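This report describes one protein chain, from its overall contacts down to single residues. The sequence and structure come before the account.

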Amino acid sequence: MNPGCDLESSRRAVALAEQYSWIYAAVGSHPDAAGRMDDALLDEYRALSRSPKVKAIGEIGLDRLRSRDISPRMREVFEAQLRLAFEFNRPVVLHGAKCWGQVVKTISSFEHSNIPNIRTFPPLPTPAPHRSSQPAFLS
């Protein structure tokens with residue numbers, strides 16, 4: 001799985017996945033890029049997600065490495081990308097630096113909380129909530 005962290009790396013991940021049978025892609029914006037997310041960028045991720053080689057949305061989440069607080073914008077972008085994962089029935093590649101409790105809380109309260117997690121950074125200290133008939137893979 002080759003996750004994107006912005007539009008450019010997501011496009012490269014999809015291009016590599018379409019070139020090599022053994023590579024799959026995830027598309028999305030890292031929490032640090034929340035300020036650059038808009039409807040047009042979300043539509044770009046939506047278009048990329050139509051590729052059969054895109055198997056997840058990510059790396060998405062929340063991050064407190066550079067700031068004590070999580071901005072409302074970062075949370076909105078995380079939720080928008082969770083909705084995109086639900087729209088395409090894709091798992092998510094999660095990021096939650098210094099704020100796993102808030103990542104888990106967001107997923108738990110999210111209306112589409114049946115989205116499984118496939119990778120987390122850093123590793124989750126406890127299992128994330130999982131309310132899906134699909135398996136969840138945590139690493």
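Of the contacts in the chain between residues at least 6 apart in sequence, 66% join residues at least 24 apart. The model behind this figure is predicted. Four helices and five strands make up the secondary structure of the chain, and their order along the sequence is β-α-β-α-β-α-β-α-β. The chain has 139 residues, of which 50% are buried. It exposes about 7300 Å², with 52% of that area supplied by carbon and sulfur atoms.

**Helix 1**

Helix 1 runs over residues 7–19. The N-terminal end of helix 1 is capped by Asp 6, which places a side-chain oxygen 3.3 Å from the backbone nitrogen of Glu 8.

The buried residues of helix 1 are Leu 7, Ser 9, Ser 10, Ala 13, Val 14 and Ala 17. Because these residues cover an arc of only 165° around the axis, they lie on the same side of helix 1. Glu 8 and Gln 19 are exposed on the other side of the helix. The cover over the buried residues of helix 1 includes strand 1 (2–3) and strand 2 (25–27), together with helix 2 (39–49) and strand 3 (54–63).

**His 30 and its surroundings**

The loop between strand 2 and helix 2 contains His 30. Its relative accessibility is 14%, which is under the 20% limit, so His 30 counts as buried. Leaving aside residues up to four places away in sequence, His 30 touches Cys 5, Glu 59, Asp 63 and His 95. With His 95 there is also a polar contact between the side chains, at 3.5 Å.

Glu 59, one of the residues that His 30 touches, belongs to strand 3. The peptide bond that leads from Gly 58 to Glu 59 is cis, and its omega is near 25°.

**The aromatic pair**

The structure holds one aromatic pair. It is formed by Tyr 20 and Trp 22, whose ring centres are 5.6 Å apart and whose planes meet at 45°, so the pair is tilted. Tyr 20 is partly exposed, at a relative accessible area of 33%, while Trp 22 is exposed, at 63%.

**Positive phi values**

| Residue | Phi | Loop |
|---|---|---|
| Lys 98 | about 60° | between strand 4 and helix 4 (100–109) |

Is Lys 98 buried or exposed? Lys 98 has a relative accessible area of 61%, which is over the 50% limit, so this residue is exposed.

Technical notes. Residues numbered from 1 in each chain as written. Predicted model: local features only at pLDDT ≥ 70, side-chain atom pairs only at ≥ 80, totals over all residues. Heavy atoms only, no water. Helix = DSSP H or I, 4+ residues; strand = E, 2+ residues; numbered from the N terminus. Expected span 1.5 Å × (residues − 1). Buried < 20%, exposed > 50% of the residue type's maximum accessible area, 1.4 Å probe, protein only. Arc of directions from axis to C-beta. Contact = heavy atoms within 4.5 Å. Polar contact = N/O pair within 3.5 Å; in protein donor to acceptor, adjacent residues only side chain to side chain. Areas by Shrake-Rupley, 256 points an atom, 1.4 Å probe, with all protein chains shown as cover. Phe/Tyr/Trp six-rings, centres within 6.5 Å; stacked < 30°, edge-to-face > 60°.
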